[in-house]
Amino acid sequence: MTINQDSGRRPVLRSDRAAIAGGQRGSRAQGDAVARNDAAAGSRAAIAQISPRPDADNAALSPAPRTDLFENPQLASMAARALTYLNAGIPVHLRGPAGTGKTTMAMQLAARLGRPVVLLTGDDGLTAAHLVGREIGTKSRQVVDRYVHSVRRVETETSSMWCDAVLAQAVVEGLTFVYDEFTRSPPQANNPLLSVVEERILIFPAGSRKERLVHAHPEFRAILTSNPEEYAGVSRPQDALLDRLITFDLDDYDRETEIGIVSNRTGLAYAEAGVIVDLVRGVRRWPKAHHPPSMRSAIMIARIVARELITPSVDDPRFVRLCLDVLAAKAKPTDRDDRDRFAATLLRLMNNHCPAGAIDGG
């Protein structure tokens, strides 16, 4: 509190307003609210100053379960088990290479839980603050009292402001937290998850948030996805975190499941989709493939085949060129000789899996 002697002789009116410019960091937005002291002869002006403005609330999604997804006994069993574990409050971890449908399954599970969803995608620049929250600035409030014409009393109160991040929002409000590709984030960034998935308690760092410890809402659920550790840009997750999750590996779909998914996603007939899936699975098993193609490659080829009315056979040069463009890029060799050898191997695989008359049963 500071007391200044005012040498001014002008009478002080009750309608006077004092505009106080605070020295807080950043820009200051002056409020227009005035609090008056009825017992005093002078006027009291209260000005709220905020810097910077609070971030917008984290938007939660409300997805509806999709009805256009392929489902067979293998996928139905996996989804039913995952929902059982989630309803018991145990987080589920979907692990598999790119193109196996991890994110699609995670969002479908979240939709079937029937709660709003917040989504976070892992990145090597993430920190714990991106999960929990952070201090976003300060708020200043000044009150000016003029009891007599020669005395001015100024009271200043400054406080910090806090903004919850997606994990904190999900814990507090009972939302479903989908953390896609969480192993792309540094392991230390995921430390807040340890207490959440084990004790259902979120501990906030020392700072300006009112509560330092929050118990998770009964409806809070967590679904995580990740790529295998050998993928570039992937960090090895903490054993302590993996031990608290139930993991499903999505890299062991059988042939019929892959054909069903590809046919469902592209509208291609089952037999034609089967020829493409067999070719991609053959390339995937080739030991010299640097980056084995996933089911996404089969979907890519099948979508173009369906759109352009291409025959999935080695006799159709458009199909041969399409497969070379898609699959040679997915398994990128190191030099020109290797590329030529890979192309020759791919043509042999096409002769095996996509021979003339394969679709007609020949």
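Of the 362 residues in the protein, 43% are buried (under 20% relative accessible area; exposed is over 50% and partly exposed lies in between, with a 1.4 Å probe and protein chains only). This is a predicted model, in which local features need pLDDT of at least 70 and side-chain atom pairs count only at pLDDT 80 or more, while totals for chains, interfaces and linings use all residues. Residues are numbered from 1 along each chain as its sequence is written, and side-chain values use heavy atoms, with hydrogens and water left out.

Colour by secondary structure to begin. The protein has 11 helices and 12 strands (DSSP runs numbered from the N terminus: helices are H or I with at least four residues, strands E with at least two). Among contacts (heavy atoms within 4.5 Å) with a separation of 6 or more, 73% join residues 24 or more positions apart.

**The largest core.** Select Leu94, Leu109, Leu279, Ile301, Phe319 and Leu327. These have the most contacts inside the largest nonpolar core, which has 49 residues (a nonpolar core is a set of buried Ala, Val, Leu, Ile, Met, Phe, Trp, Tyr and Cys residues joined through side-chain atoms within 4.5 Å). Elements giving two or more residues to this core include helix H1 (73-87), strand S4 (92-95), helix H2 (102-113) and helix H11 (336-353). Centre on Ile301 next: beyond residues up to four places away in sequence, Ile301 touches Ile276, Val280, Phe319, Leu322, Cys323, Val326 and Leu327. A second, separate core has 26 residues, among them Val132, Phe177, Val197 and Leu241.

**H7 against H8.** Show residues 255-266 and 270-285. These are helices H7 and H8, which pack at an angle of about 125 degrees with their axes 9 Å apart (axes are lines fitted to C-alpha atoms, for helices over the stretch in contact, and angles run from 0 to 180 degrees between N-to-C directions). H7 is therefore oblique to H8 (under 35 degrees counts as roughly parallel, over 145 as roughly antiparallel, 65 to 115 as roughly perpendicular and the rest as oblique). On the H7 side, the contact residues are Arg255, Glu256, Glu258, Ile259, Gly260, Val262 and Ser263; on the H8 side, they are Tyr270, Ala273, Gly274, Val277, Asp278, Arg281 and Arg284. By type, the residues of this contact are 5 nonpolar, 3 polar and 6 charged (Ala, Val, Leu, Ile, Met, Phe, Trp, Tyr, Cys and Pro count as nonpolar, Asp, Glu, Lys and Arg as charged, and the others, Gly among them, as polar).

**H8 against H9.** Ile276, Val277, Val280 and Arg284 of H8 meet Met295, Ala298, Ile301, Ala302 and Val305 of H9. This contact divides into 8 nonpolar, no polar and 1 charged.

**Thr176.** Move to strand S8 (residues 176-180), where Thr176 lies. Thr176 counts as buried because its relative accessibility is 0%.

**Two positive phi values.** Select Arg200, in the loop between helix H5 (192-199) and strand S9 (201-203). Its phi is near 55 degrees, a positive value in a residue other than glycine. Arg200 is partly exposed, at a relative accessible area of 23%. Finish at Leu309, in the loop between H9 and H10. Phi of Leu309 is also positive, near 55 degrees. Leu309 counts as exposed, at 70% relative accessibility.
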